[in-house]
Each structure stands twice: as C-alpha cells, then as structure tokens.
Amino acid sequence: MIKIAAGKTLDLHSQGDVKMPAGSVLQVTQSDTFPRLTTTTLSTWTATGHGIAITPQDASNKVLVSFTPYGRVIGSANMVRCGFRLLRGSTVIWNTGGFVEHLHSGGTPQEVSGVVAIEYLDSPNTTASTIYSLEAFMHQGSTMIIFESSAGSGATLQEIAG
C-alpha cells in the first residue's frame, strides 16, 4: 500500500522505468465508427471496413482484440452461411474455421441477424503501429449487411503487459 499526502502526487516516471505486472491493461483503443457494408455472394474474403490501430509499448506485450459486428444475412436457400476472420495487417490471426450456418425450414428469403462477438488474444511482437481488421465471406446466394456504428458494431483493443 502506498499512501500519498493530500494535495501531493506520485510521479513514478521520475523514479526510472516502471513496469506494470503481467496481465495489467496498459492502454485501450476503441472505435464504434465503421461504414455500412452491403454485399452479395462473396466468393472471397472481403474487408468489412472494421479496422482499428494500436501501438504496443513493448514487443513482449499482448493485444486483446474484440470485434462486435452487428449484421444481417439474407439468403434465398434453406441454409444461410457466412464466416469471419481477423487480420493483423495482412496476416490472418483468427478464422471461424468454417462457416456460421443457419438452417431454416420455412419459406424464402431466410434471414439471420444479430451481434457476432469475436475475441482473440494476439502476440504481435512489435512496438510499431498495428492495424487489426475484420473480413467476411458469404456464399449460397446470400446478401450480408454489416451495419454502421449506430446499430451497435464496435471494436476494442487492449494492450496487456507481458
């Protein structure tokens, strides 16, 4: 426990390098300003416009990446399929490993909507500004709409002391 007299401040930087314990959150970057994406039948991974940057303070630190895109998939078949993946720069760091599928036995069109929560603890091993982004993949004659920030989409990056 450290006690500081009323009206006084504690300046740790004047004492030399101060290292926070492993697991401490060092900085948080957040954004909820993303463009609306409307696309049909993606046969390749396509950028959603959800991207956010952070500059880690130490190469041994980790970055907790959280994306929560809110979207709707509308399909003309009994199965609506889509997938997401995270990128650090141009490197894929996480993938759904397949597709989110929704089976429906009713009429057409089929529709699925909601927030997708994606979270990944990354080890970028750099102190350079690093951009994390989200891509989507669609097929089976479907249309994907990922709504702009007013509908609840967002992204948060937290630098975690290593």
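Start by selecting Thr48 and showing its surroundings. Setting aside sequence neighbours within four places, Thr48 is in contact (heavy atoms within 4.5 Å) with Pro35, Leu37, Leu134, Glu135, Ala136 and Ile146. Before going on, a word on what you're looking at: this is a predicted model, where local features need pLDDT of at least 70 and side-chain atom pairs count only at pLDDT 80 or more, while totals for chains, interfaces and linings use all residues. Residues are numbered from 1 along each chain as its sequence is written, and side-chain values use heavy atoms, with hydrogens and water left out.

**Stop 1: around Thr48**

Thr48 sits in strand 3; strands (E, at least two residues) and helices (H or I, at least four) are DSSP runs numbered from the N terminus. Is Thr48 buried or exposed? Its relative accessible area is 3%, so Thr48 is buried. The cut-offs are under 20% for buried, over 50% for exposed and partly exposed in between, with a 1.4 Å probe and protein chains only.

Now draw two distances from the Thr48 side chain. One goes to the backbone oxygen of Leu134, at 2.9 Å, and the other to the backbone nitrogen of His50, at 3.2 Å.

**Stop 2: Glu135 and its partner**

Glu135 is buried, with a relative accessible area of 13%. Which residues does Glu135 touch, not counting those up to four places away in sequence? They are Trp45, Thr46, Ala47, Thr48, Gly83, Phe84, Arg85 and Leu87.

Arg85 and Glu135 meet in a salt bridge at 2.7 Å, N to O; the term stands for a side-chain nitrogen of Lys or Arg within 4 Å of a carboxyl oxygen of Asp or Glu. Arg85 lies in strand 6 and Glu135 in strand 11, so the pair ties together parts that are 50 residues apart in sequence. Both residues are buried.

**Stop 3: the other end of strand pairing**

How many salt bridges does a search of the whole structure find? It finds 2. For this stop, select Arg88 and Asp122, which form a salt bridge with their closest N and O atoms 2.7 Å apart. Arg88 belongs to strand 6 and Asp122 to strand 10, so this pair ties together parts that are 34 residues apart in sequence. Asp122 is buried, with a relative accessible area of 2%.

**Stop 4**

As background, nonpolar side chains tend to be buried together in soluble globular proteins.

Zoom in on Leu86. Leaving aside neighbours within four places in sequence, Leu86 is in contact with Val65, Phe67, Thr91, Val92, Ile93, Trp94, Ile118, Tyr120, Ser133 and Leu134.

**Stop 4: out to the surface**

Leu10 lies in the segment before strand 1 (25-31), and at 46% relative accessibility it counts as partly exposed.

Next, go to Asn125, in the loop between strand 10 (118-122) and strand 11. Asn125 is exposed, with a relative accessible area of 59%. Check its backbone too: Asn125 has a positive phi of about 55 degrees although it is not a glycine. Most residues other than glycine have a negative phi.

**Last stop: zoom out**

Go back to cartoon and colour by secondary structure. How many helices and strands are there in the chain? There are 0 helices and 13 strands. Buried residues make up 34% of the 162 residues. Among contacts with a separation of 6 or more, 83% are between residues 24 or more positions apart. The accessible surface of the chain comes to about 9000 Å² by the Shrake-Rupley method with a 1.4 Å probe, and 52% of that surface belongs to carbon and sulfur atoms.

Key: Polar contact = N/O pair within 3.5 Å; in protein donor to acceptor, adjacent residues only side chain to side chain.
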